[in-house]
Amino acid sequence: MIVIEYSSPNTNKPLHLGHIRNNLLGFSLSRICSAAGNRVIRTNIVNDRGIHICKSMLAWQMYGNGETPESTGTKGDHLVGDYYVLFEQKLREQAEQLAGGGMTPDEARENAPLMKEVRQLLLKWEAGDTDTVELWREMNSWVYAGFDITYKALGVEFDKIYYESDTYKVGRELVIKSLKKGDLVRKDDGSVWIDLTADNLDQKLLLRSDGTAVYMTQDLGTAVIRYSDYHFDRHIYVVGNEQNYHFQVLALTLLRMGYRWAEGLHHFSYGMVELPEGKMKSREGKVVDADDLIEEMTATATEMSRELGKLEDYSDSERENICRQIGLGALKYFILKVDPKKNMTFNPAESIDFNGNTGPFIQYTYARIRSVLKKAEETEAGEGERDCTDVIPNPKEISVIKLLNDFPSLIVEAAEELSPALIANFCYELAREFNQFYHDYSILGEEDKRIRGFRLKLTAVTGRVIEKGLWLLGIEAPERM
RNA sequence: GGUUCCGUAGCUCAGUUGGAUAGAGCAACAGCCUUCUAAGCUGUGGGUCGAGCGUUCGAGUCGCUCCGGAAUCACCA
C-alpha cells in the first residue's frame, strides 16, 4: 500500500506552471506504481488556512465591493488570486512610504497598517469569529470550484483530500503529548522545539510561543492521520526540492516520537520550473498561469492542425477534443520526459514543439497505427494467416519487438525508481522505431499472408503498448489526428 | 559557512547494474508524398561529457578536490 500526496495547493491563488509539474508527476507516479502491482491512494493536502489566505480575504473586504465569481464572470481561484496580488501591491506601497521615513525594508513591511490588520484577521479566524470563518468558507469555496476545473482539464484525480484546517489541530495535540513524554523541549517563552542536532540538523520549532501551530505541526498531524487511515507501507510526498529540509525533519521527528512507520516516508523531490527571466513570483503576479497555459497549448494544436489540413471532415466538438488531447499531450510529455530532479526552464514565447521528441509525435504514431488497424478490419486484409510463428522478422521489426519485450520490466523499474521519465523516453523510442518500420515496409500491402498477419500483430501490440505507456503518463491517445 | 541537488552539441534533453567509434530532438543545410496519416522518414555538419586527480583491463557513469549554478538552514507556508 502506497500513499502518494501531490498537488498541495494554497487556497489564495490559482495554480501555475510549478503546480502543473507537481500534478503531472504525482498523477503519473500513482499510475506507474499501481501498474507495477501496488495498491495506491492518491491524496491531496489543501493548505486552506494561514496568513496568506487572510491576505486575499482582507483585500477583498477592503476593495472588493462584494464581487463574486458570478458577478464578475471570473474563475473563483483567479478572483481570489487577484486580491492576493492586490494585497501585496498595496502592502508594498505602504511599506515604501514607511521606508522613506527611515525604517529598514523588513521593518517597514512588518509595521505597515495592512500587515497589522491581516494579523488581526488571522487571530479572529483562529478564535472562530463567525463572520471571518464565514468569509473564509465562501472564498475557499470559490477557489475549490476553480481548482476543480483546472484539475479536470489536466486530467488528474484524487482518492482522498485532506485539509490543513482539520489536520493542524491533530498536529498540535500530538506535539503536546510528545512534549509530556519528554521527546521535545520547551523553551522559557513557551515555544516547543525538537532537538535534531544529534542527526546533524538544527533545532526545529513545532509550536509557537503563543501555542499556535506552524507548517511542521500540521504535517506531523497529517502524517499520523494518514497512517491511521491507511496503514501504508510507503508514503510518497511529491513536493518541490525547496522543502528537502522540511521532509528530513518531518521523518526524523516522527521517528523520534516513536512512529516506526515513518521509515516509509519518502520525499519525491523535484526541481523548480523557471522562466527565462528567473523564478516565478506569485505575489508579484509573475507566473505562467495553469489555465492560460492549457488554453494556449490547445490553441497552438488547433492552429497547427489547421495549417496541416488535418481533421477537416470532423465536427467542431470532435476537432476540439482531439486538439485538446494533442495540446495537453505536448505539455505533459514536455514536462515528464525530463529528470524530475533537475530544474527546468520554460520559455512561454518559444512554447513547446509538436515535432520530434514530443508528445504529439508519439500520439501521431498511435493514430497511424489505429488507422492501419481500422483499414485492416474494413478491407479484411487482416484475415491473413493467424499462425505467423515461422515468420522471420526483418531488422526493423526486431528492433520494435525488442522494445516491446522490455516494457513490462520497465514499468517495474519506473515504479522502483519513481521515474515517469523512463516511461516517457521509452514511448519515444518505441514510436521512433515503429515509424522507421512503418516507413520502410508496407503492412496491408504485403503480399505474403503470413508476413502481413505478423506485421498486423506487431502493429496492434505496438499500439497497445504506446497507449499504455501514454496512459502511465496521463496522456491521452487520440484515434486520429 | 553547513547540507542537498544540478553541470553532456548553439538550445532542450537521453545515456540502462561501469563496457567498444557518447545518442535523440530543436535550430541550419540537402533529399523523400500517383503506394497503410509527411505532426513522418533519410542524409550532412555540430561534443576535451564543468576542471583535475584517483579506483579499474575499461569511467559521462564510482570516489576525492576544486570551479560554476540552484535550493535550504524562519515563531512563512
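Reply: Rings and their neighbours

Lys 160 lies over the face of Tyr 162, 5.3 Å from the ring centre. A charge sits over a ring if NZ of Lys or CZ of Arg is within 6 Å of the ring centre and within 35 degrees of the ring normal. The model is predicted, so local features need pLDDT of at least 70 and side-chain atom pairs 80 or more, while totals for chains, interfaces and linings use all residues. Residues are numbered from 1 along each chain as written, chains are lettered from A and ligands numbered from 1 in written order, and side-chain values use heavy atoms, without hydrogens or water.

Strands pair if DSSP finds at least two bridges between them; strands (E, at least two residues) and helices (H or I, at least four) are DSSP runs numbered from the N terminus. Strand β1 (residues 2–5) and strand β7 (residues 234–240) run parallel and are joined by four bridges. One of the residues bridged to β7 is Ile 2, whose partner there is Arg 234.

Tyr 259 and Trp 261 form a tilted pair, because their planes stand at 45 degrees, with the ring centres 5.4 Å apart. Tyr 259 counts as buried at 19% relative accessibility, and Trp 261 counts as buried at 14% (buried is under 20% relative accessible area, exposed over 50%, partly exposed in between; 1.4 Å probe, protein chains only).

Phe 407 and Phe 426 are stacked, with 20 degrees between the planes and 5.2 Å from centre to centre. Phe 407 belongs to helix α14 (residues 395–417) and Phe 426 to helix α15 (residues 420–440), so this pair ties together parts that are 19 residues apart in sequence. Both count as buried: Phe 407 has 7% relative accessibility and Phe 426 has 6%.

Rings can also gather in a group. Tyr 6, Phe 147, Tyr 151 and Phe 158 make up one aromatic cluster.

How values were computed
Phe/Tyr/Trp six-rings, centres within 6.5 Å; stacked < 30°, edge-to-face > 60°.
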